[in-house]
Amino acid sequence: MAAILTKLGNTVIAGIVALVVMFVIVGATAGGGAFDHSWWNFLFRYLHVLSGVMWIGLLYYFNFVQIPNMPNIPDEQKPAIGKVIAPAALFWFRWAAMSTIVTGLIVALMNGYLVDAIAIGFTDGGNSTPIGIGMWLGAIMWFNVWFVIWPNQKRALGIVEADADSKAKSARTAMLFSRTNTLLSVPMLFCMVAQQNAGFVGFGG
Ligand code: HEM
């Protein structure tokens, strides 16, 4: 057991083995055939939620743990966060955002409402309005991660050259957009789960 839990790579492999066991059990008990449309839809939905948890989990770590506690860390210890923890967290953060939007768009395509959802349900009488709003909120958040937060964090953390003034400004911009994403995550997640569970027509709805 220690060999599984002391090395992250082994923990991830063990998680994947448990996933395969789940797939066999779910595949054996669920209706429909394996590898048909609904099976792939289910797989991408699962990968979507897994990526979303990684993304929003790190977003909440930044906003609920790291940013509020930075002032409590003595100056000589701050580089541990700025030079080590934050860059590692930002790596997983931005790629999880990418994986979330890609898998989310695949799920929408497989559900047959990608265009209707982008049009926020105007084209299908409102059947995809909740997920359409959610997808737009998620897309804005993804844009903020890749085109505002990450470029500003690169300057703020010294990953790219910047003078002290521009570093301070970049840190503030990154913080404000990270806060914006925290705010948007609340209605965004509501829309994600509303599509299927609030009686709207959609895949399985
Ligand atoms: C970034 C853009 C995103 C897009 C394009 C997107 C797209 C979608 C789509 C199409 C669905 C299926 C809705 C349905 O028919 O039931 C969905 C469900 C879902 N999404 Fe997203 N999503 C995005 C972001 C996120 C994020 C950041 C999270 C955070 C965890 C998330 C979590 C979920 C959850 C929990 C569901 C419900 C799964 C279910 O009921 O089976 N999504 N999303």
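I120 sits in the loop between α5 (114-118) and α6. Helices here are DSSP runs of H or I with at least four residues, strands are E runs of at least two, and both are numbered from the N terminus. I120 has a positive phi of about 50 degrees, although it is not a glycine.

A word on the model. It is a predicted one, in which local features need pLDDT of at least 70 and side-chain atom pairs count only at pLDDT 80 or more, while totals for chains, interfaces and linings use all residues. Residue numbers start from 1 along each chain as its sequence is written.

Now the overall fold. The protein has seven helices and zero strands, so the pattern along the sequence reads α-α-α-α-α-α-α. Its C-alpha atoms fill a box of roughly 60 × 50 × 25 Å along the principal axes. Of the 205 residues, 24% are buried. Two residues are in contact if their C-beta atoms, placed from the backbone, lie within 7 Å. Among contacts between residues at least 6 apart in sequence, 65% join residues at least 24 apart.

The domain assignment, which is automatic or from a database, gives domain 1 (1-30) and domain 2 (34-197). Taken over C-alpha atoms, the centres of domain 1 and domain 2 are 26 Å apart.

Next, the ligand. There are 26 residues around it, and G52, G104, G138, M192 and Q196 come nearest. To count as near, a residue must have its C-beta atom, placed from the backbone, within 6 Å of the molecule. Two or more residues of this shell come from each of α3 (37-69), α4 (78-110), α6 (129-156) and α7 (164-197). Which helix gives the most? That is α3, with seven residues. By type, the shell has 16 nonpolar residues, nine polar and one charged. In this count Ala, Val, Leu, Ile, Met, Phe, Trp, Tyr, Cys and Pro are nonpolar, Asp, Glu, Lys and Arg are charged, and the others, Gly among them, are polar.

On to the packing. A nonpolar core is a set of buried Ala, Val, Leu, Ile, Met, Phe, Trp, Tyr and Cys residues joined through C-beta atoms within 7 Å. The largest one has 21 residues, and W55, L58, L59, F93, A96, A97 and V145 have the most contacts inside it. At least two residues of this core come from each of α3, α4, α6 and α7, and α6 supplies the largest share, six residues. Leaving out residues up to four places away in sequence, L58 touches A89, W92, F93 and A96. Another core lies apart from the largest one and has seven residues, among them F44, V107, A108 and I131.

I159 is in the loop between α6 and α7. I159 is partly exposed, since 15 other C-beta atoms lie within 10 Å. With residues up to four places away in sequence set aside, I159 touches P87 and K154. I159 and P87 are 72 residues apart in sequence, yet 8.6 Å apart in space, C-alpha to C-alpha.

V193, in helix α7, counts as partly exposed because it has 13 C-beta neighbours inside 10 Å. V193 and A162 are 31 residues apart in sequence and 42 Å apart in space, C-alpha to C-alpha.

Methods:
A residue is buried if 20 or more other C-beta atoms lie within 10 Å of its own, exposed if 12 or fewer, and partly exposed in between; C-beta atoms are placed from the backbone.
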